Amino acid sequence: MKNISLISLALLSFQVGLGQSQDSTQVYKKRVLETTEVDFLSSYYTQDGDNAAVSGGIGTEELTDVTATFIVSIPLNDDDVLTIDAGISAYTSASSSNVSPFDGGNTIADPFVSSSGASQGDVWGNITGSYTHSSDDRNDIWSAKLSVSAEYDYFSIGVGGSYTKLFNEKNTEISVNGNVFIDSWNAIYPIELRPFSQGGSGLSSNLFSQNTITGNINYNPNFETFDSEGRNTYALGFGFSQILSKRLQGSLALDLVMQDGLLSTPFQRVYFSDVADSFIENFQLADDVERLPDSRFKIAVGGRLNYYINETFVLRTFYRYYTDDWGIKSHTASVEVPIKISDKFTLYPSYRFYNQTAADYFNIYEGHLSTDAFYTSDFDLSKYSANQYSFGASYTDIFTKLHIWKLGLKSIDLKYTFYDRDNTLSASIISAGFKFVMD
């Protein structure tokens with residue numbers, strides 16, 4: 001189903017340095033990664049709201065998602081590291097269950113009620129392999145990666161790479177990265193539209209012969225399936241980081257993304273204001289599905305400024321401006337204040353604000369006309385503001401005194417986040433991370 005996944009996580013860790021023998025006659029390189037590291041990340045996410053895109057901008061957005069990710073970083077030699085990142089995400093969604101709202105047994109079909117059909121849940125899986133090489137002086141870092149991900153109606157292959165250069169005694173860093181994703185849909189459409197995609201009288205199908213249409217009983221949508229079910233994404237990013245003083249560090253980033261292909265979500269309904277409403281039970285039958293342009297260009301530019309206040313407090317700030325050729329412009333600002341309460345424990349409260357304009361093609365339920373070229377009632381593309389509050393705690397033991405089998409526990413991270421939009425959507429996420437090192 002739709003790749004909601006609010007949640008995609010990766011971690012690369014580097015240690016750099018030079019060592020000399022006791023007689024100073026020979027210089028030795030310190031390994032980029034001393035030993036194999038294993039990260040286990042997990043999260044539990046839940047959300048609710050009243051603007052489900054599956055039912056044309058109305059209905060429940062209730063969803064729960066559980067993720068688990070393993071990241072294994074293996075030093076191949078002094079300079080090279082292989083990282084394997086494998087994750088799985090399983091969700092149940094009242095919204096997506098209404099792709100086919102009439103298979104709920106004794107439950108009356110309703111956009112605010114979950115159906116018990118097969119479309120109520122899905123499982124997403126991903127595996128990514130990354131190879132990183134560092135130069136002898138640790139001033140040049142190259143990486144390459146390959147990823148594969150899949151869920152019931154979606155498959156993606158990605159390739160990418162990056163180059164990082166450190167200079168000015170490692171006080172300055174510049175980087176460039178690129179990624180390409182080749183995706184394909186197995187398009188799933190709202191159940192009431194499927195009979196009409198093959199021509200003829202769709203009302204002769206079992207759905208309509210076994211149920212009674214109310215309202216406009218002459219339901220006859222002008223529906224066509226998408227010609228192509230592929231989507232390509234090309235991303236290019238540039239980064240610059242500078243240590244400005246003993247206490248202050250800043251960075252800038254520019255990201256460019258170009259997409260082409262099927263950018264509409266095939267199972268998201270749209271209702272037209274100039275077409276009479278038809279219902280089965282309490283569920284309104286779709287006039288069409290979301291139709292969006294087959295290309296999109298995105299630009300994001302942002303910066304970070306981190307200030308070391310003292311041994312207890314650090315101030316981390318972030319700002320990003322985003323724009324695309326669909327008409328969305330957004331601002332993101334965040335602040336985090338890690339509080340080191342001991343050598344091993346750190347607390348990190350944070351706040352994030354987000355604001356965006358609506359896409360040119362967005363309108364509310366029954367806000368579109370059937371003569372429009374493009375249309376969507378997905379509130380992710382609407383005008384809204386959002387506030388996000390987080391509180392985390394971190395435990396670190398560089399001596400890894402606690403062991404599980406041959407793995408020494410190096411750190412534990414726990415975090416709770418509450419997210420709230422001004423269009424009724426709210427969400428909570430609990431996440432945890434455990435880092436182990438191989439003895």
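1. Basis. The model is predicted; local features need pLDDT of at least 70, side-chain atom pairs count only at pLDDT 80 or more, and totals for chains, interfaces and linings use all residues. Residues are numbered from 1 along each chain as its sequence is written, and side-chain values use heavy atoms, without hydrogens and water.

2. Overall build. The chain has two helices and 25 strands (DSSP runs: H or I of at least four residues, E of at least two, numbered from the N terminus). Its C-alpha atoms fill a box of roughly 90 × 45 × 40 Å along the principal axes. Of the 439 residues, 42% are buried (under 20% relative accessible area, 1.4 Å probe, protein chains only).

3. Surface patch. Ile84, Ile127, Leu146, Val148, Phe155, Ile157 and Val159 make a nonpolar patch of about 540 Å² (residues with over 30% relative accessible area and no salt bridge, nonpolar side chains joined within 5 Å; a salt bridge puts a Lys or Arg side-chain nitrogen within 4 Å of an Asp or Glu carboxyl oxygen; areas by Shrake-Rupley, 1.4 Å probe). β7 (140-151) and β8 (154-167) each give two or more residues. β8 gives the largest share, three.

4. Phe155. This residue sits in strand β8. Phe155 counts as partly exposed because its relative accessibility is 36%, between the 20% and 50% limits.

5. Second largest pocket. It holds about 210 Å³ of space (an open set of 1 Å grid points where a 1.4 Å probe fits, with protein on both sides within 12 Å along at least five of seven lines; lining residues have an atom within 4 Å of a point; volume is the space filled by probe spheres set on the points). Fourteen residues line the pocket; Phe226, Gly261, Leu262, Leu292 and Asp294 lie nearest its centre. The lining divides into seven nonpolar, four polar and three charged residues, with Gly counted as polar.

Definitions and conventions
Patches are made of residues with over 30% relative accessible area and no salt bridge: like charges are joined within 9 Å, nonpolar side chains (Val, Leu, Ile, Met, Phe, Trp, Tyr) within 5 Å.
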